[in-house]
Amino acid sequence: MPTESKLVEHEPVGFEARELDLEGTRVRYIAGGDGPPLVLVHGLGGAASNWRLIAPALAAQRRVIVPELPGHGGSGPLGPGEPDTGLSLDRLAEVVLTVLEHERALPAVWIGHSLGGVVGLRAAAQRPDAVTGIVLAAAAGISSATRTGELAVTWIGRLRPERLVTPHRRRVARSRWGRTLAFGWWGVADPAGFDAAMAEAFLSGAARHTDTRSAGRALIRFDPRDDLDRVGCPCLCLWGSSDNWVPLTDGMDYARRLRAPLRVIADCGHLLIGERPDVCARAVLEFTRAR
């Protein structure tokens with residue numbers, strides 16, 4: 001059964017932290033709100049704190065579960081997985097499904113940011129009964145399956161640039177130039193105007209990571225386009241117009257293949273859930289109203 005944990009700094013207000021032992025691996029998550037369930041799945045290198053601003057708005061109308069993927073935040077790393085392939089996206093999806101089963105929060109609408117979007121797609125393919133809808137918020141998987149994407153994810157995993165920033169995260173987050181250095185080009189469209197507390201929330205999770213490389217390897221090995229026809233639930237594609245990390249063309253491709261609407265947020269980058277949480281929350285609640 002889940003055990004009580006503690007919220008860490010910058011996590012959503014009004015949530016409870018819990019832990020689940022999954023075959024010897026600690027899986028940490030937070031939960032809050034009441035109503036039909038939603039699950040928020042962060043991206044590669046992310047944590048529950050990524051949903052700092054959007055989760056409370058959603059919890060005003062829904063029950064919200066926010067897991068930290070294995071190796072991320074307060075969740076421990078999983079075992080090696082399959083001998084030839086290692087950790088898989090399917091296994092990550094199974095972890096989230098197990099958390100939701102323990103919370104009696106199935107079926108649920110899934111909101112996945114970046115890597116979390118692909119995890120949601122894998123859950124829908126494996127367990128159609130468990131997923132009533134998916135919001136793909138700048139979902140990874142298409143560009144990351146290219147050779148360029150593979151090299152970028154691999155080298156970032158090896159170099160771990162966050163190690164240079166994390167010890168100084170408060171100073172970086174509160175400085176206009178620090179936010180530009182940490183989030184410019186790839187993360188947000190307007191780093192100077194990016195909320196300082198939200199910037200620190202994105203940086204804080206990295207201090208607790210134990211193994212993000214395994215999830216990165218799982219991501220670049222899998223092209224989600226191969227079996228999107230197995231996803232039968234309604235989907236919404238939500239993208240920033242200025243996303244330089246997962247380009248808007250990926251969102252168009254997902255929308256076309258899933259026959260899903262594409263909603264584009266003007267002057268917004270890859271970290272749309274932190275840069276424009278108000279717009280994201282409204283889009284999610286509109287999408288979930290009938291689910």
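What does the accessible surface of the protein chain come to, and what percentage of that surface belongs to carbon and sulfur atoms? By the Shrake-Rupley method with a 1.4 Å probe, the accessible surface comes to about 12,500 Å², and 51% of this area belongs to carbon and sulfur atoms. The model is predicted, so that local features need pLDDT of at least 70 and side-chain atom pairs count only at pLDDT 80 or more, while totals for chains, interfaces and linings use all residues. Residues are numbered from 1 along each chain as its sequence is written, and side-chain values use heavy atoms, with hydrogens and water left out.

Of the 291 residues in the protein chain, 57% are buried (under 20% relative accessible area with a 1.4 Å probe, protein chains only). The chain has 12 helices and nine strands, taken as DSSP runs of H or I with at least four residues and of E with at least two, numbered from the N terminus.

Leaving aside neighbours within four places in sequence, L258 is in contact (heavy atoms within 4.5 Å) with L121, L136, L228, V231 and C235.

Helix 12, residues 277–288, is largely enclosed by the rest of the structure, because nine of its 12 residues are buried; P277, C280 and F287 are among them.

Definitions and conventions:
Buried < 20%, exposed > 50% of the residue type's maximum accessible area, 1.4 Å probe, protein only.
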